[in-house]
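Subject: The structure we talked about

Hi,

Here is the structure I promised to pass on.

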Amino acid sequence: MSASKEKKYWYKNLKYLAILLSIWFLVSFVCGIIFVEELNTIRIGGFKLGFWFAQQGAIYVFVILIFVYIRLMNKLDKEFGFNEK
Amino acid sequence: MSIQVWTWILVGITFTLYIGIAIWSRAGSTKEFYVAGGGVSPLANGLATAADWMSAASFISMAGLISFNGYDGSVYLMGWTGGYVLLALLLAPYLRKFGKFTVPDFIGDRYYSNVARSVAVFCAILVSFTYVAGQMRGVGLVFSRFLEVDINTGVIIGMIIVLFYAVLGGMKGITYTQVAQYCVLIFAFMVPAIFISIQMTGNPIPQLGFGGVDENGVYLLDKLDGLHKELGFAAYTSGSKSTLDIFLITAALMFGTAGLPHVIVRFFTVKRVVDARKSAGWALLFIAILYTTAPAISLFSRTNLIETVSNKEYETLPKWFGNWEKTGLIKFDDKNNDGKVQYLADVVKNELIVDKDIMVLANPEIAGLPNWVIALVAAGALAAALSTAAGLLLVISASVSHDLIKKMINPNISEKGELVAARLAAVVAVCVAGYFGIHPPDFVAATVALAFGLAAASFFPAIVLGIFSKRMNKEGAILGMSVGILLMLFYMMKFKFDWFGGGTKEDWWFGVSPEGFGTLAMIANFIVSIIVSRCTPVPPKEVVAIVENIRIPSGAGEATH
C-alpha cells in the first residue's frame with residue numbers, strides 16, 4: 001500500500017513539474033525568443049511586448065513559478081503525510 | 001569629501017564587517033566547514049545564494065553588455081535567472097534529501113562508482129577555477145580604479161580577506177558573510193539606479209522608468225531606437241544574433257546555472273527539504289531585484305552616453321569623460337579633426353570606443369550623483385566579487401579534502417585531519433586563484449562564459465537523470481558526462497583558442513556559437529546516457545532504494561558523511 005502511495009505522490013509531483021516547466025518555457029523561449037518579433041508589434045506602454053518578456057516579464061514569471069511550486073508541494077506533502085515537522 | 005576618501009571609508013567598514021562575521025562564525029567541524037552545520041534558515045540561505053551567485057560579472061559587466069547589445073543581451077537576463085526554476089524544481093529538494101556534502105558525493109554514490117566520482121571532481125574543479133580567476137581580477141580592477149593602488153596590490157588585499165574568512169569560517173563563515181555582502185551589493189546597485197531613473201523619467205522605480213517617457217513625452221526605448229538608427233547601430237530593441245543562437249545560448253546559461261556546483265551546495269546547508277525549496281524561491285527573488293534593474297540601467301546609461309557625447313565638441317565634454325579616458329576605458333580618436341566626437345556604428349568613421357564595464361562604474365558620475373554614491377558602487381562591486389570567489393573556493397577545497405582525500409585516497413582520515421586538509425586546500429586554492437588574478441591567462445575571459453557550457457554539458461544531465469530515472473546506471477552516466485564535457489572542451493578549444501585547426505564564425509557547426517554549444521553538448525550527454533544505460537546492467541537494488549528515498553521529502557535528517 002505504501003508503495004502505491006509513494007507512486008501516486010511522485011506522479012502528481014511530475015504533473016506539477018510538467019505544467020510549471022511548460023510555463024517556464026513559454027515565457028522565456030517562446031515569448032522572449034521564438035516569437036519575439038511577432039509580439040513586438042504589440043505595445044504595452046513604452047515596451048514592445050516581446051522585448052519586455054525577454055528583459056523583464058520572463059524574470060517576474062520565474063519568481064512567481066517557484067513560489068507557486070513551493071505552495072503546491074507543501075500542500076501535496078501534507079496530503080500524503082510526507083511533510084516534516 | 002573626495003571620492004577616494006569615501007571609498008576608503010566604505011570599503012574599510014564593509015571589510016571590517018566581513019572579518020567580524022568570520023571570527024564570530026568559525027567552523028569547528030567538517031560539517032560546519034562544508035555545509036554550515038546544516039541549520040541555515042531559508043531566508044538567510046536565499047540571501048547567501050544570491051550573493052554567491054551574483055559575481056563581479058553580474059554587478060559590473062552585465063548592464064554594460066546589455067547596453068551595447070540591446071535585445072541580444074537578454075540571453076544573460078533570462079539565462080541567469082531561468083536556471084533557478086530548474087534548480088528549484090528539478091534538483092534542490094532531491095539533493096537536499098540525499099543529504100551529503102558535495103555534488104561529487106551525489107554522483108559517486110548514485111552511480112556507485114569512484115570513476116563517476118572522479119569525473120565529477122574533475123568537472124567541479126575545472127568549472128570553479130575558470131570562474132574564480134575572473135573574480136580575483138575583478139577585485140584588483142575595482143581597487144585600482146577607485147583607490148588608485150596597483151591592480152596586483154588590489155588582488156592581494158582581496159586574497160587576504162577571502163583567505164581569512166573562507167579558511168577560518170568555511171561554509172559557515174561564508175554563508176553569513178554572504179548575507180551581509182548581498183545587502184551591501186544590492187544597496188550599491190539600487191541607489192544610483194533609483195537616482196538616475198528619477199532624473200530621466202521622474203519615476204523612482206527603475207523597472208517602471210524602463211518603460212517611461214523623457215521630459216518631451218517620448219518613450220525612452222523609442223528614443224534610443226531612433227538614436228541608434230541615426231548613428232547606424234541596429235535597433236536597441238531588436239537584436240542582430242540569429243534566433244537559433246539566442247535560443248541555444250539562453251538554454252546553455254540556464255542549464256549551466258542549474259549545474260554549477262557552488263550554487264548547488266548552498267542547498268545542502270538548510271535543515272529540511274521544504275527549506276531547500278523555499279531558499280530557491282528567496283534566492284531568485286533577491287537575484288531578480290538586480291536582474292530586472294540592470295536592463296533599465298543599460299537603457300538609461302546608453303541614452304545618457306549618446307546624448308552627452310555624440311557630435312559634441314571634445315573640449316566641452318564633462319569632467320568624467322577625461323577621468324575615464326585616463327584609465328583607458330574610454331578612447332577618443334578625432335579621425336576627421338573636426339574637434340567633435342563622432343560615435344557611429346561604422347568602424348572606419350567611429351571615433352569613440354567605450355568599455356562595457358563603464359556603464360555601471362561610471363554611471364553615477366555621468367549622472368552627476370554625489371561622491372558617496374560613487375564610492376558605494378566600489379564597495380558593492382567588491383562585495384559581489386568576494387562573495388562569489390569565496391563560494392567557489394569552498395567547492396574546490398571540499399572537492400580535494402572530502403571527495404578526493406576522504407572518499408578515495410584515505411577513508412580513515414580523522415575528522416580533525418579532514419578539517420585541516422580542507423583548510424589547507426582552501427589556502428592553496430586562494431593562492432592559485434590569486435596567481436591567475438595577477439597573471440590572467442588570455443583564456444580566462446573566454447572560459448568564464450564557457451564555464452556554464454561545461455556545467456550544462458557535464459553535471460546537469462547526470463544529476464537530473466540520477467533523480468528522475470531509476471534505470472540510469474553508472475555506465476550511462478560516466479559515458480554521458482565524458483562525451484558532454486569532451487565535446488564542449490573540443491568545441492571551445494577549436495573556436496576560442498584556435499586549437500585542432502581552429503575556425504571562424506563560418507565554420508561553426510549549424511551556425512552555433514561556442515557559448516550556445518553547451519546546449520548541444522548537454523543533449524548529446526542525455527542521448528548517450530540513456531542509450532548506454534539501456535544496453536548495460538540495471539543499477540543495484542541499494543541504488544534504486546536511494547532514488548526512491550530522495551523522491552519523498554520526509555525524513556531528510558542531517559547531512560552525513
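Predicted model: local features only at pLDDT ≥ 70, side-chain atom pairs only at ≥ 80, totals over all residues.

Let's start where the chains meet. Chain A brings 36 residues to the contact and chain B brings 41. On the side of chain A that touches chain B, helix H1 (2–34), strand S2 (47–48) and helix H3 (49–80) each give two or more residues. H3(A) gives the most, with 16 residues. By class, this side of chain A has 23 nonpolar, 9 polar and 4 charged residues.

Next, the domains of chain B. The domain assignment gives domain 1 as 3–303 + 363–441 and domain 2 as 314–354. Their C-alpha centres are 33 Å apart. In the contact of these two domains, 6 residues of domain 1 meet 6 residues of domain 2. The domain 1 side consists of 3 nonpolar, 1 polar and 2 charged residues.

Finally, a helix pair in chain B. The axes of H8 (residues 151–201) and H13 (residues 273–309) come within 10 Å and cross at roughly 35°, and the crossing is left-handed. From H8(B), the residues in this contact include B:Phe189, B:Met190 and B:Ile196, while those from H13(B) include B:Phe286, B:Leu290 and B:Phe300. Sorted by class, the contact of H8(B) with H13(B) has 13 nonpolar residues, 2 polar ones and no charged ones.

Happy browsing, and do write back with any questions!

Best wishes

Terms used:
Residues numbered from 1 in each chain as written. Chains lettered and ligands numbered in written order. Axes fitted to C-alpha atoms, helices over the stretch in contact; angles between N-to-C directions. Helix = DSSP H or I, 4+ residues; strand = E, 2+ residues; numbered from the N terminus. Left-handed = near helix turned anticlockwise from the far one by under 90°. Contact = placed C-beta atoms within 7 Å. Nonpolar A, V, L, I, M, F, W, Y, C, P; charged D, E, K, R; others polar. Domains from an automatic or database assignment.
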